[in-house]
Protein chains: 2
Amino acid sequence: MINQYIHFRNLRFLLHEVLDAEGLTRFEKHAAYDREAIDMSLDAARQIGDIHLFPHYREMDKDKARFQDGEVWVHPTLRPAIKALADGGWIAATDDFAAGGQQMPWTVFNACLLIFYAANGNAASYAFLTRGAANLIRTFGDENLNRTFVPKMYAGDWQGTMALTEPQAGSSLSDITTAAEPQPDGSYRISGQKIYISGGDHRAVDNVIHLLLARIKGAPEGARGISLFAVPKFRPEGGELVANDVVTAGIFGKMGQKGYVAAHLMLGEKNDCKGYLVGQPHKGLAHMFLMMNEARVATGIMAIGTASAAYYAALKYANERPQGRHPSNKDVAQPQVLIIEHADVKRMLLFQKAVVEGSIALLLQCSYYADLATVGLPEEKQRAHLLLELLTPVAKSYPAEMGIQAVSTAMQCLGGAGYCDDFPIEQFYRDIRVNAIYEGTTGIHGMDLLGRKVLLEDGKAMTWLLEEIKAVIESARAIDDLRDMAEALENTVRQFHKTTLGLIRLAMEDKPEVFLADATLYLEYFGIVVISWQWLKQAAIATGSLKNSTGEEEKAFYGGKLITARYFIEYELVKTKGLDERLNRRDRLTLDADPAFIN
Amino acid sequence: MINQYIHFRNLRFLLHEVLDAEGLTRFEKHAAYDREAIDMSLDAARQIGDIHLFPHYREMDKDKARFQDGEVWVHPTLRPAIKALADGGWIAATDDFAAGGQQMPWTVFNACLLIFYAANGNAASYAFLTRGAANLIRTFGDENLNRTFVPKMYAGDWQGTMALTEPQAGSSLSDITTAAEPQPDGSYRISGQKIYISGGDHRAVDNVIHLLLARIKGAPEGARGISLFAVPKFRPEGGELVANDVVTAGIFGKMGQKGYVAAHLMLGEKNDCKGYLVGQPHKGLAHMFLMMNEARVATGIMAIGTASAAYYAALKYANERPQGRHPSNKDVAQPQVLIIEHADVKRMLLFQKAVVEGSIALLLQCSYYADLATVGLPEEKQRAHLLLELLTPVAKSYPAEMGIQAVSTAMQCLGGAGYCDDFPIEQFYRDIRVNAIYEGTTGIHGMDLLGRKVLLEDGKAMTWLLEEIKAVIESARAIDDLRDMAEALENTVRQFHKTTLGLIRLAMEDKPEVFLADATLYLEYFGIVVISWQWLKQAAIATGSLKNSTGEEEKAFYGGKLITARYFIEYELVKTKGLDERLNRRDRLTLDADPAFIN
């Protein structure tokens, strides 16, 4: 039921019992995705995971991407892996049939994406980065760009990238300086540098298409003067591919994800780099941000995929490794017990299970909102859209931050063995860390959540979220065994809401620095509340399913849901006490701290 | 004032203003260690750090220890580094003059150890591991063993190790099976395997002496049948060194500390491995544990040394890197601000400073207790000894666990750059992780703290600790600016004490599994209380010193102490709310969880 990296039974529980993914068949676009089709999709994803991804996870780290003679060499298993994903239709899966896609709902697709990322995020990322880039062209590019680039990208022959970061512009995209000069043929001459470009150059594809942010000569300063371009490594010219003056200066030596190259690119050093405008001039950031929710949810999925694989490695070890005896048994003549018998090891495993399955539930919930926001009825659409907007910073950051903790806990379960490369945990530990940096650091998401999302449309998103949570609390309260948990969450949510209103008041009274100073802690608080909601929801459903289930395995599955939900309420929800207290202080401590005193 | 890895001004503050290390001159043993001598010791340590350790930290990782042709190759800078530490008298520093030492107080020595570990823990560890091993021989070994091994070890020519762990006996030392058979010549024939033996074999020394736990044939089962042996790689025989049938099967591929070898040893495969009994038969664990406090405090120092170096790397970056603007300033024509100007970055830096300097304060406090426990007046001795016993699990685990978080936060300050090997943070991140596993995992220390130490001598240690904390609260309460902080800690300590008593009651009512189930959380709670105590103590002293200080740099130093103390109370102490709530539940959640439900 559980293979080495993902718990399929859990995915089916979330899709069929919690979210009613099959219900999306009521919309014409997804009419084909009945329960059987969904399960077939999961199985197809698993096959690729088992054959093309998971077996190469460790190798891709040991035999990492390297830069040599001006070229980026990647692991030989990467090309077939990308092709397998492309051939299976996964790169274009959510697109319309007309565009070469499969009209797969996001809810189903993201469950499959989780399978790929859990199996080997370093390989799968190449393909799904291409997906995002192709999607930008498809959505904003003209017919010609579409015809030239998209089919090759969907086929996995050409890599797509997102080329945003520059040496002087990381989190601050408004400070981008890469230049684009209009040319008589309608193209632009690009010049500048981009750093940390994932998939930016490598030999497992025949071409690389950079979806690149640059400034058209004479454009307004800041965010309002940034445009989006497609900049190929080789440009098609007269039926041939011609080098486009995009030179890889080197690749970055990363602590983890060593198989997933991050390149440093020099564009237009010979004045011969052509870029093609995608969408409207000066609307580059807006175009990019339309895809950002998707990319951020995907980053959450990547993080929790890694934490998932780490959890099942730790769980396997805990079920096999004898060590020590119970504190009340000092008789060394008796055999040692399996470490899963120790309360502290159970605590560590439940923590991982709570983080992993709680995060997956939230990510699929967001994916479901993404579906409703796209295909739903008009009134559903707006609600789903705003809920997705509000939850995205959490869906990105919670799996990243808590996934890091979960993998660290997995390592702790193995002790010294976990720190050594006989087991994969040490790689998971290195790999997952970057997810708190990708697609906006956690601090940036805290500012986004509190500074923008909570206030969105006069707080309507927040009101709706509280309604959703309240509905789950009510359904759980009706179940005897869950009543105390429902009430614990209800009390926390009441306090959370009060604290949120206090912060909003502060936003109106003082400059934004003040109420945003502890935005990262607010994000953490928000995350715990939201994951509690997802656990309570799962617990309510599992209670019903448990009654009707037969067989030890099924009972253990639902019993596991109940115990883990309780774990989350008992061990994680209580952490909001300290966060709430902190967020209600008005001391401006960090804001006013003189940098010279931080020494 | 701050070099790249340690804040010397802070060490002088702690030694001279907070702890009155010079006051130890009142004891004859340490009569030579007046303020000048202490400062000279720190300077001497810094010189070795600057010349022999810090410059090679990164190289030792890149050009890591490797096993080839049956030998362990280490970085060529290691031999001179070990020799420099030996020649400077550092390996024997705390020993008596008569034994070749310098009679250095632990308080001073551990401050210097911190310098070495912050500069390059991977190199310095070899020397101080030898120290611990030599010390066991010196304390428990007979005259002959002393003469044969100790001088060579103190000279840095021979490596010492602690050989405890076996494949089937990690945390559970009672299950050790390595055998020792008495021989006619008084030695023992050793056979067995040892794993994860740090410094276990390498070419930067001429011999390796393993202080090894084994079972004499016919010994009682369990902990009471374990003896301590000195087992050399080459045994001196007739004026020559003869191979002693200790074979290195391989070394472990560690995620970090790659320059600090961990070996897998096979002993007596040819039936020719001789060991020499150290101390009494069957008292091996007791002998080993007499040195354990020292080794555990040293592990805390190693951890926080790494976190210290990471903090100063992050601080430097934050003071040099411009990025973004304040939320109230949307004018992109204005230059970007240094990231240290952002409240969230200040929060991240203050967190690191709070963890690093708070941990150092606790570790030196423990070292001071170690001195009093050794040389103090009779009534001081017992008190200091018990306080050290009680605090040791915290002094080991808090710097390890929170140091890991601090280094992760350092990485977050750098964003993508922190994840890449252009900066040293990614190595700190990998290196520090093992400290939560070394010398007893955090879970083991939780059990030690709550299951043994808190109850020690009917809770006398605990009573004395609360007295020490209360004294600091009173001194802080007398200072207007600190009153609120003193009261915050007072309230927390009151609740902490109540919760502790509740757990002790539980220990008497039910089997030990019950009250120990959340021992790891109790350790975390204890750690926050104890570090708050250390911060309040520093704040009270800094308030006085600030009044009498002149010069910007001094004012910034003391001002930094005050702001960081407040940070700890405002952001860290509040975390006890959730921990306290959790520890007062009586749900036996993890204890009763059916392992089959953890799936």
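Q: Let's start with strand β3 of chain A: how many of its residues are buried?
A: Keep in mind that this is a predicted model. In it, six of the six residues in strand β3 of chain A, residues 158–163, are buried, so the strand is mostly covered.

Q: And which residues of β3(A) point which way?
A: One way you have W158(A), G160(A) and M162(A), and the other way Q159(A), T161(A) and A163(A). Both sets are buried. In a regular strand, side chains alternate between the two faces of the sheet.

Q: Which strand is β3(A) joined to by bridges?
A: That would be strand β6 of chain A, residues 207–216. The two run parallel, with six bridges between them. For one pairing to look up, W158(A) has N207(A) as its bridge partner in β6(A).

Q: Nice. Switching to the core: which residues touch the most other members?
A: In the largest nonpolar core, which has 442 residues, they are F229, A314 and L536, each in chain A and in chain B. As background, nonpolar side chains tend to be buried together in soluble globular proteins.

Q: What does L536(A) touch, leaving out residues up to four places away in sequence?
A: Its contacts are V472(A), I473(A), A476(A), M485(A), A486(A), L489(A) and A565(A).

Q: How is chain A divided into domains?
A: There are four entries: domain 1 covers 8–151, domain 2 covers 158–282, domain 3 covers 291–440 and domain 4 covers 444–589. The C-alpha centres of domains 1 and 4 of chain A are 31 Å apart.

Q: How many residues are in contact between the chains?
A: On chain A it's 80 residues, in contact with 81 of chain B. Helix α18 of chain A, residues 552–572, gives the largest share of chain A's side, with nine residues. By class, that side has 35 nonpolar, 23 polar and 22 charged residues. The copies meet through the same surface, because 100% of chain A's interface residues are also interface residues in chain B.

Q: Last one: is G101(B) buried or partly exposed, and why?
A: Partly exposed, because G101(B) has 17 C-beta neighbours inside 10 Å, whereas buried needs 20 or more. G101(B) is in the loop between α4 (78–87) and α5 (106–140) of chain B. Among its contacts are A92(B), T94(B) and D96(B).

Key
Residues are numbered from 1 along each chain as its sequence is written. Chains are lettered from A and ligands numbered from 1 in the order in which they are written. This is a predicted model: local features need pLDDT of at least 70, side-chain atom pairs count only at pLDDT 80 or more; totals for chains, interfaces and linings use all residues. Two residues are in contact if their C-beta atoms, placed from the backbone, lie within 7 Å. Helices (H or I, at least four residues) and strands (E, at least two) are DSSP runs, numbered from the N terminus. Ala, Val, Leu, Ile, Met, Phe, Trp, Tyr, Cys and Pro count as nonpolar, Asp, Glu, Lys and Arg as charged, and the others, Gly among them, as polar. Domain bounds come from an automatic or database domain assignment. A residue is buried if 20 or more other C-beta atoms lie within 10 Å of its own, exposed if 12 or fewer, and partly exposed in between; C-beta atoms are placed from the backbone. Two strands pair if DSSP finds at least two bridges between them. A nonpolar core is a set of buried Ala, Val, Leu, Ile, Met, Phe, Trp, Tyr and Cys residues joined through C-beta atoms within 7 Å.
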